[in-house]
Amino acid sequence: MTSRITKTTRAPSRPAAKQQATVKRIAVNTGGGDAPGLNAVIRSIVLCALNRGWEVIGIRDGYNGLLAPKTFKDGGLIKLTRESVRGITHLGGTILGTTNAGNPLHYPVRRPDGSYIEVDRGDELLRAFARHRFDALIAIGGDGSLSIANELSKRGLRVIGVPKTIDNDLDQTVVTFGFDTAVSFATECLDRLHSTAEAHRRILVVEVMGRYAGWIALHAGVAGTADAILIPEIPFDIRSVAAKTQERVRRGRNFSIVVVAEGAVPVGGTRSVIAKEVGHAERLGGIAETVAKQLQEITGQEARHVVLGHLLRGGSPTTSDRLLSLRFGAAAVRALDEGKSGIMVALDPPTVRYVPLAAATRRMKVVPLDCDTMKTARDLGICFGD
Ligand code: F6P
């Protein structure tokens with residue numbers, strides 16, 4: 001796919017419209033990659049809103065239910081009732097659908113010559129919100145979706161953000177829902193891989209998602225007793241990883257488990273990217289295969305790789321993620337009830353607090369190299385390839 005893009009400029013924003021005090025009819029959407037817990041948030045929002053006498057409408061596939069209503073059989077909007085959210089707390093995915101393509105503020109439109117132009121459809125979206133008489137939006141999403149929510153808020157929409165991502169890379173909240181489920185599953189996989197690695201005296205390299213942050217790799221790697229963990233925050237030297245596996249062999253441990261984050265980068269090298277498509281975030285992947293090949297070459301020991309990929313996004317949320325999701329949904333509705341806007345609900349144990357959307361989307365939360373979990377890993381002798 002061609003990637004030539006022309007950017008359009010938009011007219012200066014209108015000053016933020018004065019927001020009416022009472023809320024009666026709200027919209028909710030889910031954007032970006034799905035994460036276990038989305039349905040629990042939706043259920044919580046719907047019940048808490050209905051209990052206040054409000055109406056709740058779900059927008060399908062991020063904002064596409066409003067921007068491309070004709071592409072949906074039901075017109076892109078779904079009235080959410082007690083019936084529609086019954087029995088969904090424990091289900092993975094999202095009953096509203098989601099997308100990580102088609103940012104309304106940089107909407108890719110194909111031109112006859114095959115090139116793409118990015119169009120800002122933000123104001124059109126605001127008009128659609130007004131036409132449907134939505135008093136407010138609760139946007140459930142990661143950094144991309146919440147940045148869009150922040151811009152819509154600046155243009156006058158009443159918006160509350162709910163942080164979601166298995167990657168846990170959102171700033172201003174101690175954790176996002178979906179992360180615990182992803183880490184738990186990855187840890188279970190590492191447990192399973194230990195016995196087969198040992199039986200065959202192999203090195204097993206396990207690739208996990210996480211984009212540009214190493215949270216999933218670090219937490220699953222430590223909990224799943226990996227021998228080496230490679231994270232984007234620490235460029236790795238493959239010789240150092242090989243030395244670790246060889247040292248284990250000398251000690252009679254003829255197998256090793258290496259966890260590698262999809263965004264990990266070798267010293268002096270580049271990130272392993274599968275695809276870059278217009279309107280999509282770049283797709284990462286392939287680093288485990290490279291690491292396994294190199295380890296086999298250097299050590300002479302058989303090395304295999306496994307990519308956990310989207311398995312980390314599926315399945316039921318853990319109890320911890322369910323509870324967090326239900327708390328986030330309820331807090332988002334309370335925020336609207338209290339007249340708030342332009343904020344994100346955030347976990348600050350033991351409470352859920354409100355932080356400005358602008359602050360939450362300013363920077364990515366990566367693993368601090370001096371955090372306690374890193375210190376624990378180093379004390380345990382886990383190699384980071386440095
Ligand atoms: O942000 C969540 C995430 O699962 C990342 O860990 C991963 O890089 C990305 O989404 C994959 O997205 P998709 O395959 O859905 O385009």
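Colleague: What should I know about the model before we start?
Modeller: It is predicted, so local features need pLDDT of at least 70, side-chain atom pairs count only at pLDDT 80 or more, and totals for chains, interfaces and linings use all residues. Residues are numbered from 1 along each chain as its sequence is written, and side-chain values use heavy atoms, with hydrogens and water left out.

Colleague: How many residues of H1 are buried?
Modeller: 11 of 13, where buried means under 20% relative accessible area with a 1.4 Å probe, protein chains only. Among them are Leu38, Asn39, Val46 and Cys48. Helices here are DSSP runs of H or I of at least four residues, strands are E runs of at least two, and both are numbered from the N terminus.

Colleague: What do those buried residues pack against?
Modeller: Strands E2 (25–30), E3 (55–59), E7 (136–141) and E8 (159–163), plus helix H9 (319–337).

Colleague: Switching to H5. Is Thr181 buried or exposed?
Modeller: Thr181, which lies in H5, is buried, with a relative accessible area of 5%.

Colleague: What is Thr181 in contact with, leaving aside neighbours within four places in sequence?
Modeller: Pro36, Ser316, Pro317, Thr318 and Asp321; contact means heavy atoms within 4.5 Å.

Colleague: And at what angle do H5 and H6 pack?
Modeller: H5 (residues 179–200) and H6 (residues 215–223) pack at about 45 degrees, axes 8 Å apart. The crossing is right-handed, meaning the near helix is turned clockwise from the far one by less than a right angle.

Colleague: Which residues meet there?
Modeller: Including Phe179, Val183 and Leu190 in H5, and Trp215, Ile216 and His219 in H6.

Definitions and conventions. Axes are lines fitted to C-alpha atoms, for helices over the stretch in contact, and angles run from 0 to 180 degrees between N-to-C directions. Buried means under 20% relative accessible area, exposed over 50%, partly exposed in between (1.4 Å probe, protein chains only).
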